[in-house]
Amino acid sequence: MRLTVKRLLPACLLTAASIAGLQHPAAAAGSAAPALAKQRAAGVPTVVLTFDDGTADHLAVARMLSRRGLKGTFYVNSGRLGKRGYLSVAALRAIAKEGHEIGGHTLHHPHLPEMFDAAQQTEICDDRRALLKMGFAVRSFAYPFGALDESGKRITMGCGYNSARDINGLYRPDSCQACPVTETIPPADLAAVRATSQTRLPRTARTLREFVTRAQQESDPGVVTFVFHEIKNAPRDQYATVPKEFAAFIDWVAQQRKAKKIVVRTLGDVVGGSVSPVP
Ligand SMILES: [Zn+2]
């Protein structure tokens, strides 16, 4: 959850070049292609709402989304489920039952680049295995702290994930002004799907809306993926978003969706592809 400035800068400089062999075949030519092509032709951005860490508040967050007809992607650490402050397995099942996507975020939220490959593999593959065993159709992964390197990318995709989300790489007014406003469909690098974290920005409905309105001005918009953590009344917590502002933002997102000015999907549905077993 914590993020350093050192981490932010290289992420902004990441190239969009995809790694050979990591492109999911279904994303490149699969079943979801016709619908996605239609969205692009209409010039409508896709908005993806993601929530990291599986904190207990995310059950209420999922319900807030459901009431507005929106689906989110919830990345959880299976090793923390049921612990104090985190979702129980039953709560996570309730979230999935409402049609939200459950994704993996490692067993215990380590800083992966500091670990040996075998330990990374345990954190990523065993987490996915555990979530699959609980009955979740886990296709998507998010790197803890957005910390990723080439070996982490390779290991993640080797665990059968269809995509892995970064926390940076898209436009930010403070640190990534030269970055693209949206990720491409399908994402250029499925092992490092670009997103926009709002850490250190005022997480007001107004600031959040601006990421979407900027995308709506693009001639051929792709995906704006938001990275949320806890939704709670802690204005000084640079990772948390105040519920009132979050509600105002998703009210607007729901209204834009209704007006067909955006499409809202889970990241798993944007990428497409089936649920692969863990090799
Ligand atoms: Zn996290």
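Analyst: Happy to! One definition to begin with: a residue is buried under 20% relative accessible area, exposed over 50%, and partly exposed in between. Keep in mind that this is a predicted model.

User: Is Asp 269 buried, partly exposed or exposed?
Analyst: Asp 269 has a relative accessibility of 34%. Buried needs a value under 20% and exposed one over 50%. Asp 269 therefore counts as partly exposed.

User: Which residue does Asp 269 meet in a salt bridge?
Analyst: The N to O distance in this salt bridge is 2.9 Å. Asp 269 sits in helix H10, while its partner is in the loop between helix H6 and strand S4, 130 residues apart. The partner is Arg 139.

User: How many salt bridges are there in the whole structure?
Analyst: Side chains of opposite charge can pair when their charged atoms come close. One example is a network that links Glu 150, Lys 153 and Asp 189. A search of the whole structure gives a total of 13.

User: How many residues apart in sequence are Arg 165 and Asp 52?
Analyst: The side chains of these two residues form a salt bridge, 2.7 Å from N to O. Arg 165 belongs to strand S5 and Asp 52 to strand S1, so the pair ties together parts of the chain separated in sequence by 113 residues.

User: Are Arg 165 and Asp 52 buried or exposed?
Analyst: The test here is relative accessible area, with under 20% as the limit for buried. By that test, Arg 165 and Asp 52 are both buried.

User: Which residue forms a salt bridge with Asp 251?
Analyst: The closest N and O atoms of this pair are 2.6 Å apart. Asp 251 lies in helix H9, and its partner is found 183 residues away, in the loop between helix H4 and strand S2.

User: The backbone nitrogen of which residue does the side chain of Thr 182 reach?
Analyst: Thr 182 is in the loop between strand S5 and strand S6, and its 9% relative accessibility makes it buried. Leaving aside neighbours within four places in sequence, its contacts include Leu 170, Ala 215 and Pro 221. The backbone nitrogen that the Thr 182 side chain reaches, at 3.0 Å, belongs to Gly 222.

How values were computed: Residues numbered from 1 in each chain as written. Predicted model: local features only at pLDDT ≥ 70, side-chain atom pairs only at ≥ 80, totals over all residues. Heavy atoms only, no water. Helix = DSSP H or I, 4+ residues; strand = E, 2+ residues; numbered from the N terminus. Buried < 20%, exposed > 50% of the residue type's maximum accessible area, 1.4 Å probe, protein only. Polar contact = N/O pair within 3.5 Å; in protein donor to acceptor, adjacent residues only side chain to side chain. Contact = heavy atoms within 4.5 Å. Salt bridge = Lys/Arg side-chain N within 4 Å of Asp/Glu carboxyl O.
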